[in-house]
Amino acid sequence: MSHPFGALGAAILPALGAVGAITVVRGGAGSYVNRVWVPDPAPVSTSTEAVVQPVRPRELAQLPEGERTEEAISIFTLAALRTSTPANQEADRVTWAGRTWRVVLVEDWTVQAGYARAVAVRDGQ
């Protein structure tokens with residue numbers, strides 16, 4: 001069964017800007033071994049369409065305090081990206097414009113409007 005708002009989301013993305021490809025790397029949960037965090041050794045990489053825009057100054061205020069000074073972008077997609085969680089879930093990493101970005105904020109409107117918005121900061125890895 002297709003999502004009732006899927007077509008709406010697909011129509012909205014081009015209205016937000018130029019649609020292009022991004023690569024999303026999603027790691028597994030990972031775990032602590034001898035009190036040291038060990039990420040999942042087999043992350044999954046996929047390509048998806050997205051609209052990428054600069055983050056507006058008022059949107060920077062939504063970011064966690066330690067990341068407000070980082071270079072940041074807004075990413076609009078048809079499926080929600082994910083951030084890290086206290087339950088050991090790693091944040092998605094996105095490759096766009098030759099750089100790697102770490103997702104720090106997600107607004108999931110896939111149920112209401114058929115698309116999601118994420119904010120990602122430049123990854124220092």
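What follows is a short talk through the fold and the pockets.

Tutor: This is a predicted model, where local features need pLDDT of at least 70, side-chain atom pairs count only at pLDDT 80 or more, and totals for chains, interfaces and linings use all residues. Residues are numbered from 1 along each chain as its sequence is written, and side-chain values use heavy atoms, with hydrogens and water left out.

Student: How do I find pockets?
Tutor: Rolling a probe the size of a water molecule over the atoms shows where empty space is left. A pocket is an open set of points on a 1 Å grid over the protein atoms alone, where a 1.4 Å probe fits, with protein on both sides within 12 Å along at least five of seven lines; lining residues have an atom within 4 Å of a point. The largest pocket holds about 290 Å³, a volume being the space filled by probe spheres set on the points.

Student: Which residues lie nearest the centre of the largest pocket?
Tutor: Ser84, Glu90, Ala91, Arg93 and Arg102, out of 19 lining residues. Strand β7 (residues 99–109) gives the most to that lining, 3 residues.

Student: And the second largest pocket?
Tutor: Its volume is about 170 Å³. Val24, Arg26 and Val44 are among its lining residues, and β4 supplies the largest share, 3 residues.

Note on methods: Helix = DSSP H or I, 4+ residues; strand = E, 2+ residues; numbered from the N terminus.
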